Amino acid sequence: MDQKAEALNRFRAAEEKSKAIAYATSILFWDASTGAPKSGAEARSRSIGTLSGFEYEMLVNDQMKQDLELLSEQLDTLEEIDRRRVINVKKAYDRLMKIPQDEYERFSALTSKSATIWEEAKEASDFERFKPYLEEIVGYLQKFTEYWEVKGNPYDAFIDQYEEGMTAEKLDVFFGTLKEMLVPLIQKVNQKKDSIDDSFLRRHYPTQDQAKLSVDMLDRIGYDRARGMFKESVHPFTMGVDIDDVRLTTHYYENDLRSALLSSVHEGGHALYEQNIDRSLQGTSLATGASLGIHESQSRLFENNLFKSRSFLSFYYPKVKETFEAQLSDVDFESFYAGLNRSVPSLIRTEADELTYCLHIMVRYEIEVGLLNSTLRVEDLPQIWKEKMASYLGVVPENDAEGVLQDVHWSEGMFGYFPTYAIGSALAAQLEHALRKEVDVDACLSRGDFAPIKAWLGEKVHRFGALKTPEEVVLYATGEPLNPRYYGAYLTKKYSELYGLD
Ligand SMILES: [Zn+2]
């Protein structure tokens, strides 16, 4: 066997082993989230720690280093699937190797400590307590960009981990467009916020009936329950451990009809993606989404653009009403549609509605870019947060817990992650626009038929998994690069109609 073939065999074997370990840790996490006894938490987290160590050793060693170098020199001679796998691993490898090991370990220790401190600080609503940790984290991240020899905006090095090819320059245009289109719209909607009542959504809805609707919706959109599992957890999530084992969860609140149902449909959109990846990628590291943003576009398309549409709800509301006859006896279709889509600017990102959501992301994006470029100081964040919330959403937090301390991401050193949520929402609208050129979406939805939509997404997005880059997926599916104007136009149309704006 020649050197290249040997290197490729070793590379594939190492990837297979690391996948097996990742599989085991995923199942431990699933178990912990869906009913494992709390008393076993310490033993579980010790096991996860040990397994993660094995996974690291599997990929980070001298043999792997040599093999990656050799294979990277011969990329053109590799088959498409191997080529993409090698590119991805090499990129992650270089990134890690350029940071001195002791420094990386200190950073890991810092972020695990700071996540605990953040929790306490949030509990006490006291930013001062978290401040020194965040300052230190930002310092490390800035130093990392020096090791990586980042040219251009340091932010690019972080967003690229989650959304390959995305840059601060592109995001400035992206958010600039959304700001221009949405801030005036939100102001108009806000003036009429009391014209829609959604209090009926907070009547008593027993869990077992909500669960029936969630399962019904998952079946309807085409999630294959025989190749997955559906349970309840504190925070809803989807976990694709294999194309044939894609699990998801929701969370039920008996005084809220909206939350569990929308979460189920949202996670169902993620799960469809994972289940419909091409078989040729099964078992490889490419059997996953192209990026976080592309993944999120699938969940939001189902949750917002399709499920909450007038066409689908006109079909589905009678079924919801059959399940909750007593609770909804005085609620007609128009009231239900309006209530479910109501928009009210709020302080908390995770509770934000479809219209205001991406402005919450914009606040975080601008702060992250400012911190990494040293144009903002950590100590000024509570004030900056208030100013930005006031100018974009017209609401101001009274304390740090419902302001700058609300998200866990920064305490874990995760910068560049937030924009993927907004990219997902925007891409959902762009995909819907492209889908409508080929499929009569309203006709399908008004008879509750998702099959043609699922087939279109399968052909345009799902089957490629991570074989294509996110930019390639967007271009292939919609014929153009990511363009936030579709999202702005979709929201303007929907909310102008809903609130009777001109
Ligand atoms: Zn999601």
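Modeller: Let me begin with burial, where a residue is called buried if 20 or more other C-beta atoms lie within 10 Å of its own. Please keep in mind throughout that this is a predicted model.

Colleague: What makes helix α16 mostly covered?

Modeller: Of the 20 residues in α16, 14 are buried by that count, and the helix is therefore described as mostly covered.

Colleague: How do you know that the length of α16 agrees with what a helix should span?

Modeller: Helix α16 covers residues 419–438, and at 1.5 Å a residue its 20 residues should span 28 Å; since its end C-alpha atoms are 29 Å apart, the two values agree.

Colleague: Why is α16 called roughly perpendicular to α20?

Modeller: The two helices pack at an angle of about 85°, with their axes 7 Å apart, and because angles of 65 to 115 degrees count as roughly perpendicular, the term applies to α16 and α20. On the α16 side the contact is made by S425, A426, A429, Q430, E432 and H433, while α20 contributes Y486, Y487 and Y490. By class, this contact has five nonpolar, three polar and one charged residues.

Colleague: What makes β1 and β2 the edge strands of the open sheet?

Modeller: The three strands have the order β1-β3-β2, with mixed pairing, and β1 (228–232) and β2 (238–242) each pair on one side only.

Colleague: How do you know that β1 and β3 pair?

Modeller: Pairing requires at least two bridges, and five bridges join β1 to β3 (residues 245–250), so the two strands, which run parallel, meet that requirement.

Terms used
Residues are numbered from 1 along each chain as its sequence is written. This is a predicted model: local features need pLDDT of at least 70, side-chain atom pairs count only at pLDDT 80 or more; totals for chains, interfaces and linings use all residues. Helices (H or I, at least four residues) and strands (E, at least two) are DSSP runs, numbered from the N terminus. The expected span of a helix is 1.5 Å times one less than its number of residues. A residue is buried if 20 or more other C-beta atoms lie within 10 Å of its own, exposed if 12 or fewer, and partly exposed in between; C-beta atoms are placed from the backbone. Axes are lines fitted to C-alpha atoms, for helices over the stretch in contact, and angles run from 0 to 180 degrees between N-to-C directions. Angles under 35 degrees count as roughly parallel, over 145 as roughly antiparallel, 65 to 115 as roughly perpendicular and the rest as oblique. Two residues are in contact if their C-beta atoms, placed from the backbone, lie within 7 Å. Ala, Val, Leu, Ile, Met, Phe, Trp, Tyr, Cys and Pro count as nonpolar, Asp, Glu, Lys and Arg as charged, and the others, Gly among them, as polar.
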